[in-house]
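Below is what I looked up, in the order I got to it.

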Amino acid sequence: MRAADRERLIVDEAIRFFAERGFDGEIRELAIRLGIAHSVIYRHFPSKEALIERVYQEVYLSRWSPDWGTLIRNRALPLEARLTGFYLSYVAHVFEYNWVRIFVFSGMKSFGITGRYLDLVRREIIEAAAAELRHDLGLPDVGSAALSEREIEMFWGLHGRIFYLAIRKFIYETPIPPDLDAIVRDAVVSFLDGARCTLPELSRAQASEKSI
């Protein structure tokens, strides 16, 4: 087998292995599943951490669409349409056994995958969406008033509500509705209904605090 093909085989099986066993799984166990000596794996990846980093690249960064941030910021579309479009695409990309389980296992074992990925989500999606909601409501932009943690948490709440469906399916192994498109649309509409009432009051409170 060519070295590139063997490396591809190792990575593909490592993704399945870590998704099933978590990061407590040993390289020797992975080698047994592959039918090779564990030293062969170390020829391609000098450490377990290096293999996990490759898994991160394959499972997370390769599925991240640069179009998502662009969509969130596209003011030619209503904000509801932008958020709905993003979450429909996000669900299609990440509601998958390996993705969800590796994400959760990483969070429990502090391998950094979860934190790094959530930093990307916050920067490219959460903060961008919070800024767009301000614009939608005619409130001060982030250049004149920085986003507050309360604003950020409002959007994490929406994100968490949708992602929890994946947790239920792939971690708790309980049924979820078959029509996720309708669930996503409902989540976005109900979020915006509440946010449009809450954010102006929050903005006024922040302005009052600064004036004192």
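I started at F155. Skipping its neighbours within four places in sequence, I found F155 in contact (heavy atoms within 4.5 Å) with L83, I126, A129, A130, L133 and F191. F155 sits in helix α9. Buried or exposed, I wondered about F155? F155 is buried, at a relative accessible area of 3%. My cut-offs here: buried is under 20% relative accessible area, exposed is over 50%, and partly exposed is in between, with a 1.4 Å probe and protein chains only. I also checked F155 against Y90, which is 65 residues away along the chain, and their C-alpha atoms are separated by 15 Å.

A note on what I'm looking at: this is a predicted model, so I read local features only at pLDDT of at least 70 and side-chain atom pairs only at pLDDT 80 or more, while totals for chains, interfaces and linings use all residues. Residues are numbered from 1 along each chain as its sequence is written, and side-chain values use heavy atoms, with hydrogens and water left out.

**The whole chain**

I counted secondary structure next: 10 helices and 0 strands. Helices here are DSSP runs of H or I with at least four residues, strands are runs of E with at least two, and numbering goes from the N terminus. Read from the N terminus, the order is α-α-α-α-α-α-α-α-α-α. The C-alpha trace spans about 65 × 40 × 30 Å along its principal axes. The chain has 212 residues, and 42% of them count as buried. Among contacts with a separation of 6 or more, 70% come from residues 24 or more positions apart. The chain exposes about 11,000 Å², and carbon and sulfur atoms supply 53% of that; the areas come from the Shrake-Rupley method with a 1.4 Å probe, and for residues only the protein chains shown count as cover.

**The core**

Which residues touch the most other members of the largest nonpolar core? I got W99, I102 and Y117, out of 67 residues in that core. Helix α9 (residues 149-170) gives the most to this core, with 11 residues. For the record, a nonpolar core is a set of buried Ala, Val, Leu, Ile, Met, Phe, Trp, Tyr and Cys residues joined through side-chain atoms within 4.5 Å.

I followed Y117 a bit further. Leaving out neighbours within four places in sequence, Y117 is in contact with Y56, Y60, W64, Y90, V94, W99 and F103.

V94 was on that list, so I looked there too. V94 belongs to helix α6 (residues 79-94), and V94 is buried at 1% relative accessible area. Beyond four places in sequence, V94 is in contact with W99, V100 and Y117. V94 and R63 are 31 residues apart in sequence, and their C-alpha atoms are 7.7 Å apart in space.

**An arginine in α6**

R82 is in helix α6 as well. Setting aside neighbours within four places in sequence, R82 is in contact with L71, I72, R73, N74, R75, L77 and E132. From R82 to A129, 47 residues along the chain, I get 9.1 Å between C-alpha atoms.

**α1 against α4**

At what angle do helix α1 and helix α4 pack? Helix α1 (residues 3-21) and helix α4 (residues 48-59) pack at about 85°, with axes 10 Å apart. Axes are lines fitted to C-alpha atoms, for helices over the stretch in contact, and angles run from 0 to 180 degrees between N-to-C directions. That makes α1 roughly perpendicular to α4, a label for angles of 65 to 115 degrees. On the α1 side I listed E7, R8, I10, V11, A14, I15 and F18, and these meet K48, L51, I52, R54, V55, E58 and V59 in α4. The contact divides into 9 nonpolar, no polar and 5 charged residues. In this count Ala, Val, Leu, Ile, Met, Phe, Trp, Tyr, Cys and Pro are nonpolar, Asp, Glu, Lys and Arg are charged, and the others, Gly among them, are polar.

**The loop between α9 and α10**

Last stop: E173 lies in the loop between α9 and α10 (180-211). Its phi is near 55°, a positive value in a residue other than glycine. E173 counts as exposed, at 61% relative accessibility. P175 is in the loop between α9 and α10 too, and P175 is exposed at 72%. P175 and L165 are 10 residues apart in sequence, with 9.2 Å between their C-alpha atoms.

Conventions:
Angles under 35 degrees count as roughly parallel, over 145 as roughly antiparallel, 65 to 115 as roughly perpendicular and the rest as oblique.
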